[in-house]
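Please open the model in your viewer and keep the selection panel to hand.

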Amino acid sequence: WFWAALVGTGLSFHIRLNLAQPGGIYSDMPQLYNVIVTSHALMMIFFFVMPVMMGGFGNWLIPLMIGCTDMVFPRLNNLSYWVLPGPLFMLLVSALIEGGAGPGWTLYPPLSASMFHSTPGMDLVIFALHIAGFGSIMSSLNFMSTIGGARFYGLIPERMPIFIWAMFVTSWLLLFSLPVLAGGLTMLLTDRHANTSFFRP
């Protein structure tokens, strides 16, 4: 995921370059600037910070710190890793389709609705976040199961290192928040293509 970090850093450089002078270098191309901001944020959050900080450090340090040989569900671990290249590719390709998807990193309607972003690139971003969120849910379940069920018998909760507690609580938070994100993205997708009105006042 070093490559995703490099792409995100390059996009960050473009944002800082634009903000370095009055009016910016993208003043005549506001949609391109919005696409850069959106792609940078989603790239760094879903394809660098979450996989590396949670997945990478969690898989490396949790078994060491709780005294087990490996994660409880290694194949689930593998799945949570290998579902990420597809969404990463979709996020990159979305910036190249019909002007790209530039509703901002929060994807708030109405900017992400079909009225303002009728491009298929917006749908690619929605699908990418769906799949990346699914991978994060899988790794969170694995972390919680490992911390809860595979600890060294003397490692009672009061003796667990603060890093293990941080990973456990963060896994719970991801498990609570990512299905809600998936539900919101599904409602946005049906607003765009199935004539529903979840986000249309």
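The stops below each give a selection and then describe what is found there.

This is a predicted model, in which local features need pLDDT of at least 70 and side-chain atom pairs count only at pLDDT 80 or more, while totals for chains, interfaces and linings use all residues. Residues are numbered from 1 along each chain as its sequence is written, and side-chain values use heavy atoms, with hydrogens and water left out.

Begin by selecting residues 44-67, 79-101, 121-141 and 162-189, which an unreviewed UniProt entry annotates as "transmembrane region"; such annotations may be inferred rather than shown by experiment. Helices here are DSSP runs of H or I, at least four residues, numbered from the N terminus.

Next, select Trp-105, Thr-106, Leu-107, Leu-181 and Leu-185, the closest to the centre of the largest pocket among its 15 lining residues. A pocket is an open set of points on a 1 Å grid where a 1.4 Å probe fits, with protein on both sides within 12 Å along at least five of seven lines, and lining residues have an atom within 4 Å of a point. The largest share of this lining, 5 residues, comes from H6, the helix spanning 162-193.

Finally, select Pro-51, Gly-55, Ser-80, Leu-84 and Ser-139, which lie nearest the centre of the second largest pocket. Here H2 supplies the largest share of the lining, 7 residues.

How values were computed
Helices (H or I, at least four residues) and strands (E, at least two) are DSSP runs, numbered from the N terminus.
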